[in-house]
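Me: Please take a close look at one part of this model with me. I would like the overall picture first, and then the details.

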Amino acid sequence: LDVFHGPLGALVAFRMESAEFARDVETPSLVLTSVDDEMVPSASSKRLAAALPRCTLATYEGFGHNEYWASPEVRAAITDFLARERG
């Protein structure tokens, strides 16, 4: 799926090593990943989650990169995470 054209195409080609910056994140984080994500490999998301000091990792199957929001299970995980972090 190529939705980025012209100068925006450079964004897709740029490999951001997010895990390098993760250790500086102080806020609790939620990382969602799917073994079927065609844009961000699950292994990359798991590496990022492991690098974040205060992270909850939620792993799914059957979701492409743009399909997370369609899942009631994913929306519930986000709602639960936010409720826990609000205290």
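What share of the contacts in the protein chain with a separation of 6 or more comes from residues 24 or more positions apart?

Reply: Happy to! This is a predicted model, so local features need pLDDT of at least 70 and side-chain atom pairs count only at pLDDT 80 or more, while totals for chains, interfaces and linings use all residues. Residues are numbered from 1 along each chain as its sequence is written, and side-chain values use heavy atoms, with hydrogens and water left out.

Residues 24 or more positions apart supply 72% of the contacts in the protein chain with a separation of 6 or more, a contact being heavy atoms within 4.5 Å. The chain has four helices and two strands (DSSP runs numbered from the N terminus: H or I of at least four residues for helices, E of at least two for strands). Along the sequence, these elements come in the order α-α-β-α-β-α. The accessible surface of the chain is about 6400 Å², with 57% of this area on carbon and sulfur atoms (Shrake-Rupley method, 1.4 Å probe; for residues, only the protein chains shown count as cover). Of the 87 residues, 23% are buried (under 20% relative accessible area; exposed is over 50%, partly exposed in between).

Beyond residues up to four places away in sequence, Cys55 touches Ser29, Val31 and Ala49.

Strand E1 covers 29–34 and helix H3 covers 42–51, with Glu38 in the loop between them. Glu38 is exposed because its relative accessible area is 52%.

Helix H3 also holds Lys46. Lys46 has a relative accessibility of 39% and is therefore partly exposed. Setting aside neighbours within four places in sequence, Lys46 is in contact with Leu57 and Thr59. Leu57 lies eleven residues from Lys46 along the chain, and 7.4 Å separates the two C-alpha atoms.

To put the close-up together: Cys55 meets Ser29, Val31 and Ala49, while Lys46 reaches Leu57 and Thr59.

Notes
Buried means under 20% relative accessible area, exposed over 50%, partly exposed in between (1.4 Å probe, protein chains only).
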